[in-house]
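I opened my notebook to go through this chain one topic at a time. Here is what I looked up, in the order I went.

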Amino acid sequence: MLRQSIVASCAVALLAGCAPAPPVRPPATPEPTPLTPRIVAGITQEHLPDGAASYAAGAPGAVGAAVHYRATGRVPAWTVTVSLGPTPGWLAPKACRAVSGAPRAHCFREGEVRVAWPDEGTEVLLVAPRRDGFATVLAEGRAWDGDPRRGDLPVELDALLELARDPRLDATTDPRLPLRAENLPNWRDDLACDRARRAGTTSLPASASTGGTGAATPQAFAALLAAEVNARCVGEWEGTPAEVGAVAYLGGGTEWLAAYVTTDPTAGDCPAGWETCGRVDGATIAYRFDRPGTSPAKVWLSRPIADGFVVLQQASRKADARTRVFPVAMATMRRLLADNRFAFTVTSGLTTAGNNLPLCWRIAPRVDAPATVAPDPPRG
């Protein structure tokens with residue numbers, strides 16, 4: 001009777017569509033994915049501080065990305081470029097020495113990573129071998145001066161070493177990374193803000209006058225400029241270490257208004273080589289129209305402040321040499337020059353207002369910015 005019951009149960013099960021379950025197979029292992037600039041940026045940000053102003057593709061000839069950080073009251077603006085390529089930059093592939101034409105390098109090893117910095121320059125280079133080529137980490141900015149094991153730097157050397165050693169920086173990498181990389185904030189290739197459009201002046205929030213005080217920042221001065229001029233974008237003033245300031249770009253790289261503070265004692269004098277210069281109501285005002293067609297006309301204003309000077313410069317190809325009229329009126333420039341918030345200390349609220357401006361932050365240099373001096377030939 002029991003045997004008949006079992007047979008009947010099996011028959012019912014077969015009629016109900018029961019069948020042996022297929023064997024359980026382990027999930028297929030995802031294939032490694034090719035490295036991309038966005039993936040490099042994502043890996044880089046895991047090792048570096050938050051707060052990057054933007055990410056962009058790195059140098060041609062390699063797969064890489066650059067991570068740009070705005071200046072703070074403590075640290076000037078800095079950039080870390082991470083690449084995977086056939087050459088390790090200005091460091092010779094198999095030795096701690098500079099390649100031909102590069103400045104002499106100081107170098108030491110941390111395991112498989114070589115760390116080098118030039119005799120003169122504001123950068124440090126880390127090189128780590130890969131199966132085919134090298135992973136390189138190049139940190140640049142005025143903070144990177146001399147031996148990276150010393151000084152108050154934006155990020156610890158150990159973090160850069162871990163980044164150079166990260167095994168995901170290879171020709172193929174973790175297949176889970178592309179999705180994360182697509183959602184990376186602040187990614188852009190338009191470093192010159194060429195696609196940006198003017199949106200009118202930007203009102204300063206009430207909080208701009210609040211908070212503690214700290215060293216002047218480009219962002220704070222950018223907020224002051226944007227409140228007075230209709231800019232396409234803003235960026236950091238590319239001056240000497242004695243200067244801190246911002247630039248409001250009115251058009252391309254030749255149409256701009258800059259404001260900066262400086263400890264240079266000659267900033268109150270007439271600039272050498274400028275056509276006309278005089279002093280009006282405590283301000284030095286100079287003009288230059290001497291190179292039409294090759295460089296923009298410029299107007300310069302400066303006045304003394306505590307511990308130095310505040311300087312305004314405007315450059316334009318649209319200025320009228322006969323009337324000395326520039327796109328940004330002299331009255332506006334004089335009003336900015338008189339603003340006591342252009343100083344060596346600013347409120348934290350003003351810096352925050354600059355960080356939050358609804359304007360593209362320009363990373364690319366001005367068209368007329370000073371050219372980089374070619375490195376001296378190697379010595380020894």
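**Confidence.** I began with pLDDT, since this is a predicted model. The average over the chain is 86, and 88% of the residues reach at least 70. I put a pencil mark beside both stretches.

**Nonpolar cores.** Next I asked which residues touch the most other members of the largest nonpolar core. Of its 41 residues, they are Phe221, Leu257 and Leu312. I listed the elements that give two or more residues to this core: the helices α5 (218–226), α6 (330–337) and α7 (348–355), and the strands β12 (243–249), β13, β15 (283–288), β16 and β17. The largest share comes from α5, with 7 residues. I also noted another core that lies apart from this one; it has 40 residues, among them Ile39, Leu48, Val80 and Leu184.

**Leucine 257.** Setting aside neighbours within four places in sequence, I find leucine 257 in contact with Leu225, Val229, Ala246, Val247, Ala248, Leu312, Gln313, Gln314, Val328, Met333 and Leu336.

**The second largest pocket.** I wrote down a volume of about 340 Å³ for it. Of the 23 lining residues, Trp237, Glu243, Tyr260, Trp300 and Gln313 are the closest to the centre. Which strands each supply at least two residues of the lining? I got β13 (256–262), β16 (297–305) and β17 (308–316). With 3 residues, β13 gives the most. By class, I have 11 nonpolar, 4 polar and 8 charged residues in the lining.

**Aspartate 269.** My last stop was in the loop between β13 and β14 (276–280), where this residue is found. Is aspartate 269 buried, partly exposed or exposed? I put it down as partly exposed, because its relative accessibility is 39% and that class runs between 20% and 50%. Beyond four places in sequence, aspartate 269 is in contact with Arg279, Thr284 and Trp300.

Notes: Residues are numbered from 1 along each chain as its sequence is written. This is a predicted model: local features need pLDDT of at least 70, side-chain atom pairs count only at pLDDT 80 or more; totals for chains, interfaces and linings use all residues. Side-chain values use heavy atoms; hydrogens and water are left out. On a 1 Å grid over the protein atoms alone, a cavity is a set of points where a 1.4 Å probe fits but cannot get out, and a pocket is an open set with protein on both sides within 12 Å along at least five of seven lines; lining residues have an atom within 4 Å of a point. Grid points are joined across faces, edges and corners, and a volume is the space filled by probe spheres set on the points. Helices (H or I, at least four residues) and strands (E, at least two) are DSSP runs, numbered from the N terminus. Ala, Val, Leu, Ile, Met, Phe, Trp, Tyr, Cys and Pro count as nonpolar, Asp, Glu, Lys and Arg as charged, and the others, Gly among them, as polar. Buried means under 20% relative accessible area, exposed over 50%, partly exposed in between (1.4 Å probe, protein chains only). Contact means heavy atoms within 4.5 Å. pLDDT is the predictor's confidence in each residue, from 0 to 100. A nonpolar core is a set of buried Ala, Val, Leu, Ile, Met, Phe, Trp, Tyr and Cys residues joined through side-chain atoms within 4.5 Å.
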